[in-house]
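Let's take a walk through a protein model together. Have a look at it below, and then we'll start from the inside.

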Amino acid sequence: MAKDEADRALTMMLERVDVREAIQGLTDERIAAVIAKADAAQEAVLNKLMRPSVTDLAQDVIEIVAADYGLPADYALSSAGGKIISSEPSYASQVTNYMLEVGASLARFPAELSVPTFPKRPVMAITNDVSPGNAWCFDGQRANLTIKLARRVAPRSFSVDHVPASATFSIESAPRRFRVFTIPDTPSRGETLVADFEYVVGAGVRHVQTFAAELAEEAAAVRAVRVEISENHGNPEFTCLYRFRVHA
């Protein structure tokens, strides 16, 4: 179908039906096409604005790769067996909000078409790819993740990764305030707060930072932890967690 015909068909649809009905009538193929168009437009903008020198790019790659080699084993890492048990906001609610935003955008078509980026799953926060955009992002500044560890351990420290400042437009979406709780096998015992820390940003600050757990030497090993984020570095709209690590 030619572009003009597609525009006229979509305009007629929006005039005759409710936006919610239009969303329900969209096929997976059409939704995928809209998402692909938005991603392509976003990539085109990034390609124009981000043209790092070979030296800067090499430094970013070295810093990201070196992070894994310079730290203890990560028991939250998904490829090692870590899993997301639950998240708040949930991924389902994030997808629902995305669809509502798409519907609102369609209602403004053809005068305006602004499609948001499809939300990435919470599991992004426990993968080792921290290249720009590969993060779990959520609206606002508050969220939490419950993570099943790859094996039962007594956590001794935690690390937080964000994309290097040299590879992003703004560092304001980086999480700032964290609290970490261990979750016992017996629910009646309740969670235990084992860390309360601040991830800092600024000139000369590493993008991977490690924080000690406040845990007794004889503390029992656990299979799960809950990460609570309460504040970011100034972005009022959203926060992005690139990676959270658990060390023993």
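The largest nonpolar core here has 29 residues, and Ile147 and Phe244 are the ones with the most contacts inside it. A nonpolar core is a set of buried Ala, Val, Leu, Ile, Met, Phe, Trp, Tyr and Cys residues joined through side-chain atoms within 4.5 Å; buried means under 20% relative accessible area, with a 1.4 Å probe and protein chains only. Helices (H or I, at least four residues) and strands (E, at least two) are DSSP runs, numbered from the N terminus.

A second, separate core has 6 residues, including Val130, Val163, Ala167 and Tyr242. In soluble globular proteins, nonpolar side chains tend to be buried together.

A quick word on the source: this is a predicted model, where local features need pLDDT of at least 70 and side-chain atom pairs count only at pLDDT 80 or more, while totals for chains, interfaces and linings use all residues. Residues are numbered from 1 along each chain as its sequence is written, and side-chain values use heavy atoms, with hydrogens and water left out.

Now zoom out: the protein has 5 helices and 10 strands, and 36% of its 248 residues count as buried.

Finally, find helix α5, residues 91-107, which has 17 residues. Among its buried residues are Tyr91, Tyr98, Met99 and Leu106.

Definitions and conventions. Expected span 1.5 Å × (residues − 1). Buried < 20%, exposed > 50% of the residue type's maximum accessible area, 1.4 Å probe, protein only.
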